[in-house]
Amino acid sequence: MIELRIPSPLHPLEDRDGVRIMLKRDDLIHPDFPGNKWRKLKHNIPHDRGQVLTFGGAFSNHIQATAAAGHHFGFPTVGVIRGEERVNPVLAAAADFGMRLTYVSRTSYREKSNPSFIAALHDEFGDFTVIPEGGANPEGVRGCAELVAEIDADFDVICCSCGTGTTLAGVASALPAGRRALGFSVLRGGAFLTDDVRRLQPEDSRNWAIETEFDFGGFARRDSTLDAFISDFRDEHDITLNWVYEAKMMYGLYALIARGRFEPGTTVIAVLA
Ligand SMILES: *Cc1c(COP(=O)(O)O)cnc(C)c1O
């Protein structure tokens, strides 16, 4: 049986300008579930262990994690991958976990919620239930909400990075009164994420916001400033931040603290997914 490290540990950092910071180490939940992907999959595992089909880019943590869930919990998985067939560590891991992979052009990929597109996939792969790209559905939100109750420390703000915004939607929905959630978009022009988070929440919890200033040029883009930040952070804390996601959040958080965005005495939980 797979051992998941839940609750994930809290790791305090040194105060910055009077602001307390603690890392919520979701990155330690399990190596086969990179990022927060376990939380988003947990309630998406089919009770009848029927086949699951999901979508993602060639470097998708969600694809790898869905394949791992299929392997560990005993259900078949299909991954529909955007772009040409290729080999990389993520897709190789997914295939090793038994996921069947199929590749579709970027144009077809955009049609992925189209009934005729899904019908063609049923013809090829038989019965399945669909998990949307990134695990962005109500079950995913519910799983992410559970991280809040694990925190056995008093806090004011929870920060997380935003790809689909599912983690932010879940965290914000579960916050005690008076607490806030702050997301950091890793996508260019992440303002549309605000609509996505609203859509993912049954009722807008109105205790959250998204910073769109720290995308470093967009998804999976990096520059020397971000690289230097990651290397300094590693030297200081012996933690390697994920450059696609959490490095941008931590950089943004430190920048906001330096600008005086948080009152001294504020406690911030930063989710390392
Ligand atoms: C997928 C992922 C995220 C983004 O989470 P969303 O719920 O899609 O916003 C953040 N960090 C890591 C490491 C991830 O793998």
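Which element gives the most to the lining of the largest pocket? I opened the notebook with that one, and it took me through the pockets and then to the ligand.

**Entry 1: the model.** I am working with a predicted model, so every value below is computed from it.

**Entry 2: the largest pocket.** My opening question has its reply: α8 gives the most to this lining, with five residues. I then looked up the volume of the largest pocket and got about 1200 Å³. Besides α8 (192-200), the elements that give two or more residues to its lining are α1, α2 (61-73), β7 and α7. I counted 42 lining residues for the largest pocket. Ser 60, Gly 163, Thr 164, Phe 219 and Tyr 245 are the ones that lie nearest its centre. I sorted the lining by class and found 18 nonpolar, 15 polar and nine charged residues.

**Entry 3: where the ligand is.** Which pocket does the ligand sit in? I checked, and the ligand sits in the largest pocket. Around the ligand I find 16 residues, and Lys 37, Asn 61, Thr 164, Thr 167 and Glu 246 come nearest. Thr 164 was already on my list for the centre of the largest pocket.

**Entry 4: the shell by element and class.** I asked which elements supply at least two residues each to the shell around the ligand. They are α1 (37-42), β7 (157-162) and α7 (166-173). α1, β7 and α7 also turned up in my notes on the pocket lining. By class, I get 10 polar, three charged and three nonpolar residues in the shell.

Entry 5: For Lys 37, I get 2.6 Å between a polar side-chain atom and a ligand oxygen. For Lys 40, an N or O atom of the side chain is 2.8 Å from an oxygen atom of the ligand. Thr 167 has a polar side-chain atom 2.6 Å from a ligand oxygen. How much of the ligand's accessible area does the protein cover? I noted 98% of the 390 Å² that the ligand has on its own.

**Entry 6: the second largest pocket.** I looked here last. The second largest pocket holds about 240 Å³ of space. Its lining is Phe 55, Arg 82, Tyr 109, Arg 110, Lys 112, Ser 113, Val 130, Pro 132, Glu 133 and Ala 136. By class I get five nonpolar, four charged and one polar residue in that lining.

Methods: Residues are numbered from 1 along each chain as its sequence is written. This is a predicted model: local features need pLDDT of at least 70, side-chain atom pairs count only at pLDDT 80 or more; totals for chains, interfaces and linings use all residues. Side-chain values use heavy atoms; hydrogens and water are left out. A residue is near a molecule or strand if one of its heavy atoms lies within 4 Å of it. A polar contact is a pair of N or O atoms within 3.5 Å; within protein, one must be able to donate a hydrogen and the other to accept it, and residues adjacent in sequence count only if both atoms are side-chain atoms. Accessible areas come from the Shrake-Rupley method with a 1.4 Å probe; for residues, only the protein chains shown count as cover. On a 1 Å grid over the protein atoms alone, a cavity is a set of points where a 1.4 Å probe fits but cannot get out, and a pocket is an open set with protein on both sides within 12 Å along at least five of seven lines; lining residues have an atom within 4 Å of a point. A molecule sits in a cavity or pocket if more than half of its atoms lie within 2 Å of its grid points. Helices (H or I, at least four residues) and strands (E, at least two) are DSSP runs, numbered from the N terminus. Ala, Val, Leu, Ile, Met, Phe, Trp, Tyr, Cys and Pro count as nonpolar, Asp, Glu, Lys and Arg as charged, and the others, Gly among them, as polar. Grid points are joined across faces, edges and corners, and a volume is the space filled by probe spheres set on the points.
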